[in-house]
Amino acid sequence: MLDHNEIVNGQTRSQIQPGMKVRIVEKQNQRTGKLTEGIVQRVLTRSLHHPHGIKVMLANGIVGRVKEIVQ
């Protein structure tokens, strides 16, 4: 069982599936922390865990790292 913190932070690959609504930070917004909300189209990170968030492509083509999973 994963703790709630990992799920909310989007750092664990198994918690992120295509079709989920998430908030991501794009590369150019990493300093500001501006989040973009969208639906996951593809999971791009291959490792099971990433400290900065799992990288995904949204349905609109935007790529970024998951910071929050919208429930």
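1. A salt bridge here is a side-chain nitrogen of Lys or Arg within 4 Å of a carboxyl oxygen of Asp or Glu. By that rule E37 and R23 pair up, with an N to O distance of 2.9 Å. E37 sits in strand β2 and R23 in strand β1, 14 residues apart. Strands are DSSP runs of E, at least two residues, and they are numbered from the N terminus.

2. The model is predicted: local features need pLDDT of at least 70, side-chain atom pairs count only at pLDDT 80 or more, and totals for chains, interfaces and linings use all residues. Residues are numbered from 1 along each chain as its sequence is written, and side-chain values use heavy atoms, with hydrogens and water left out.

3. The structure holds 3 salt bridges. E37 also bridges to K21, with the closest N and O atoms 3.7 Å apart. E37 belongs to strand β2 (residues 35-43) and K21 to strand β1 (residues 21-25), so this pair ties together parts 16 residues apart in sequence.

4. R23 also bridges to E68; the closest N and O atoms are 2.6 Å apart. R23 lies in strand β1 and E68 in strand β4 (residues 63-69), so the pair ties together parts 45 residues apart in sequence.

5. Together, K21, R23, E37 and E68 form a network of salt bridges.

6. Are these side chains buried or exposed? Buried means under 20% relative accessible area, exposed over 50%, and partly exposed in between (1.4 Å probe, protein chains only). E37 is partly exposed at 40%. K21 is partly exposed at 38%. R23 is partly exposed at 29%. E68 is partly exposed at 28%.

Definitions and conventions:
Helices (H or I, at least four residues) and strands (E, at least two) are DSSP runs, numbered from the N terminus.
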